[in-house]
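Subject: Structure for you to look at

Dear colleague,

I am passing on a structure that I would like you to open and read alongside this message.

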Amino acid sequence: MELSKFLLLFTTTNMFLASKGEIQTMADPMLIDSALTDLLSDMPWAPIFFIICTAVLATMTSSPQHQDEWLIPGQSTLWRRLNKRVGVLNPMMQEKQWIKHCRMSYPAFVYLVEELRPYMLPNAQMVREPVELELAVAIVLNRLASGASPAVIGNLWGVGTATVVKYTKLVTSIFASCEKLYSKYIVAPTGERLERISKKFFQVTGIPNVAGAIDGTHIVLQKKPDRATCPADFCSGEGKDAFYSVLLQGVCDADKVFWDVCCVAPGGSNDSEHLKSSSLWTRLWEKEVLREPVISLQGVSIRPYLVGDKNYPLLPFLINPFDTAPAETQAESLFDAQLQKGHASIVTTFGILKNRWNILKNLNVDLKSAPQTIVACCVLHNFCQLSNQSEPKIQVDDALNHNVPDHYSDDVGGEETRQALFLNWLTQHQILI
């Protein structure tokens, strides 16, 4: 690109000089420099020609559409410091630095870059060369990990603010797209995988056929939504404790890996409403997921099911604790404690998610980009879990959704399933009612 612009300037200058009789044929660049000096000093129309040359030269160094999509020269950026220390392609790169800034080891980072590469081919219409892929991915990971503003991240990595925003949107859209990487890393379990999940939950709870834990958490927004989006729908809490958020619904296994996530509800909604507005709700009812294996307990056929808290309806595929019912007995309380052990998986998973990707603690993207940014972090969470990356020491989520539904109109068939599970658990542990 730069060569073509230089040739344009070179040709234009030659033609200009030839028209004034200064040279007869295409000249060497060094001769042009000397001729220009004479022209600019001796001829009255020189200022006009100087302006033309300046304009052509300007196209070689700037572009209104992409003026921020350049590395800022002369800065000791984080990228340069990391490379200087160990080299871009050195597999022995100090993992502590990569985990600190990008939340994964260098080998894992290289693998992730290759996963993204097919979806990030350079655009032939771009006026300037794009930022190298490895740098672009590192910038996005660091922004998601730190939660810092685009301006801070740009200064740290030596790129413009617009570049940070551009690549954040591009990379997160790839992670969040079902046609790209989402469906590779977030997949509902079937067959042997589902059986392994149920066995792990059984080891934790002593209750059979648990397929996952479900809950919702607030992703707090840095800015209040504008009036056009009805801000009250995004508000939770009252008075000084009020905040604006969107909800993330997650389903995970016992290894703290998501197998379904959804982010379509504003923060003022409750978990039951969010579930009903998600595609998971339809897939569960139509048995597109968690169809089998079916077990028989106390004469009741029980399909794989999720464990939720009291904010969810009681259904054949979603079991909540007895503490939603009046006059809970001691035996029911003990059973609830076992259910809670299974449900704790999603609480811990949310804690790991938010402490690994700190942007989720105070989301500083526009509301339109919020869902894809959140879902992208969930995909990256699974990537880290599946590649055995170190987990954050702090695994607490203090923003779980506690908005309580007014009623549970969809409690159909769940009571019989829970009672059968309860009686089977009593029998297995020889506990008297």
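Below I go through the aromatic rings, then the cysteines, and finally one threonine.

Please bear in mind throughout that this is a predicted model.

Aromatic rings

As a general point, a pair of aromatic rings is described by the distance of the centres and the angle of the planes. A search of the whole structure finds 15 aromatic pairs.

Another pair, tryptophan 285 with phenylalanine 317, is edge-to-face, with 5.1 Å from centre to centre and 90° between the planes. Here the partners are 32 residues apart, with tryptophan 285 in helix H13 (residues 279-285) and phenylalanine 317 in the loop between strand E7 (305-307) and strand E8 (318-319). Tryptophan 285 counts as partly exposed at 38% relative accessibility, whereas phenylalanine 317 is buried at 1%.

Ring pairs also join Trp79, Trp98, Tyr106, Phe109 and Trp157 into a cluster. Elsewhere, arginine 418 lies over the face of phenylalanine 322, at 4.2 Å from the ring centre.

Cysteines

In general, a disulfide is a covalent bond between the sulfur atoms of two cysteines. How many disulfides does the model contain? The count comes to 0. For cysteine 378, the closest cysteine sulfur is that of cysteine 377, and because the two sulfurs are 7.0 Å apart, they are too far from each other for a bond. Cysteine 378 is buried, with a relative accessible area of 0%, while cysteine 178 is partly exposed at 46%.

Threonine 349

Is threonine 349 buried or exposed? Threonine 349 is buried, because its relative accessible area is 0%, and this residue lies in helix H14 (residues 330-356). Its side chain reaches the backbone oxygen of serine 345 at 2.6 Å. If residues up to four places away in sequence are not counted, threonine 349 touches Cys252, Lys256, Phe258 and His381.

How values were computed:
Residues are numbered from 1 along each chain as its sequence is written. This is a predicted model: local features need pLDDT of at least 70, side-chain atom pairs count only at pLDDT 80 or more; totals for chains, interfaces and linings use all residues. Side-chain values use heavy atoms; hydrogens and water are left out. Helices (H or I, at least four residues) and strands (E, at least two) are DSSP runs, numbered from the N terminus. Buried means under 20% relative accessible area, exposed over 50%, partly exposed in between (1.4 Å probe, protein chains only). A polar contact is a pair of N or O atoms within 3.5 Å; within protein, one must be able to donate a hydrogen and the other to accept it, and residues adjacent in sequence count only if both atoms are side-chain atoms. Contact means heavy atoms within 4.5 Å. A disulfide is a pair of cysteine sulfur atoms within 2.5 Å. Rings of Phe, Tyr and Trp (its six-membered ring) pair if their centres lie within 6.5 Å; planes under 30 degrees apart count as stacked, over 60 as edge-to-face and the rest as tilted. A charge sits over a ring if NZ of Lys or CZ of Arg is within 6 Å of the ring centre and within 35 degrees of the ring normal.
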